[in-house]
Amino acid sequence: QVQLVESGGGLVQAGGSLRLSCSASGTILRIGAMGWYRQAPGKQRVLVATITSGGTTNYADSAKGRFTISRDNAKNTVYLQMNSLKPEDTAVYYCTANIFAALGYNYLEHWGQGTLVTVSS
């Protein structure tokens with residue numbers, strides 16, 4: 001059984017920073033791309049950033065220049081460093097990872113349970 005667990009959310013003032021972490025656990029053989037999405041109240045879940053196993057990154061326009069995604073392959077962990085936070089960044093942040101698990105046949109997409117980020121003005 002593969003599980004993704006996020007941490008690092010919380011309440012921060014506008015202009016502040018937070019670092020989200022997401023660790024994958026279970027009988028994992030390989031992890032492909034990992035990423036972060038967010039869902040604001042009343043809105044659809046949208047992409048924030050992704051990172052391939054080789055370290056190639058991709059960002060939503062709203063995240064460029066303020067957020068940095070990184071990963072530690074040895075720890076099966078992906079991070080999202082968020083700087084210069086704005087009230088409109090308030091959302092539940094979800095991590096995702098494409099994981100090839102033991103006894104599996106291919107990569108499957110897994111999601112974490114989400115962590116709430118609230119940015120006050």
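In the predicted model, the backbone nitrogen of glycine 9 lies 3.3 Å from a polar atom in the side chain of threonine 115. Threonine 115 belongs to strand 11, which covers residues 115–120. With a relative accessibility of 11%, threonine 115 counts as buried, because buried means under 20% relative accessible area. When neighbours within four places in sequence are left aside, the contacts of threonine 115 are Glu6, Gly8, Gly9, Leu20, Ala91, Val92 and Tyr93.

The secondary structure of the chain consists of eleven strands and zero helices. Read from the N terminus, the order of elements is β-β-β-β-β-β-β-β-β-β-β. The chain has 121 residues, and its radius of gyration is 14 Å; this agrees with the value near 14 Å that a compact globule with 121 residues would have. Along the principal axes, the C-alpha atoms fill a box of roughly 50 × 25 × 25 Å. Of the 121 residues, 41% count as buried. Among contacts with a separation of 6 or more, 57% are between residues 24 or more positions apart.

One disulfide is present in the chain. The disulfide is formed by cysteine 22 and cysteine 95, whose sulfur atoms are 1.9 Å apart. Cysteine 22 is in strand 3 (residues 18–25) and cysteine 95 is in strand 9, so that the pair, 73 residues apart, links distant parts of the chain. A disulfide is a covalent bond between the sulfur atoms of two cysteines. Cysteine 22 is buried, at 1% relative accessibility, and cysteine 95 is also buried, with a relative accessible area of 0%.

Two aromatic pairs were counted. Phenylalanine 100 and tyrosine 107 form an edge-to-face pair, with 5.4 Å from centre to centre and 90° between the planes. The pair counts as edge-to-face because its angle of 90° is over 60 degrees. Phenylalanine 100 is buried, at a relative accessible area of 14%, whereas tyrosine 107 is partly exposed, at 40%.

The ring of phenylalanine 100 also takes part in an arrangement with a charged residue: the charged end of arginine 30 sits over this ring, 4.6 Å from its centre. A further case involves arginine 19, whose charged end sits over the ring of tyrosine 79 at 4.0 Å from the ring centre.

Backbone angles were also examined. Most residues other than glycine have a negative phi. Asparagine 76, in contrast, has a positive phi, near 55°. Asparagine 76 is located in the loop between strand 7 (67–72) and strand 8 (77–82), and is partly exposed, with a relative accessible area of 24%. A positive phi is also found at serine 84, where the value is near 50°. Serine 84 lies in the loop that runs between strand 8 and strand 9 (91–101). Serine 84 is partly exposed, with a relative accessible area of 42%.

Terms used
Residues are numbered from 1 along each chain as its sequence is written. This is a predicted model: local features need pLDDT of at least 70, side-chain atom pairs count only at pLDDT 80 or more; totals for chains, interfaces and linings use all residues. Side-chain values use heavy atoms; hydrogens and water are left out. Rings of Phe, Tyr and Trp (its six-membered ring) pair if their centres lie within 6.5 Å; planes under 30 degrees apart count as stacked, over 60 as edge-to-face and the rest as tilted. Buried means under 20% relative accessible area, exposed over 50%, partly exposed in between (1.4 Å probe, protein chains only). A charge sits over a ring if NZ of Lys or CZ of Arg is within 6 Å of the ring centre and within 35 degrees of the ring normal. Helices (H or I, at least four residues) and strands (E, at least two) are DSSP runs, numbered from the N terminus. A polar contact is a pair of N or O atoms within 3.5 Å; within protein, one must be able to donate a hydrogen and the other to accept it, and residues adjacent in sequence count only if both atoms are side-chain atoms. Contact means heavy atoms within 4.5 Å. A disulfide is a pair of cysteine sulfur atoms within 2.5 Å. The radius of gyration is taken over C-alpha atoms; the globule rule is 2.2 Å times the number of residues to the power 0.38.
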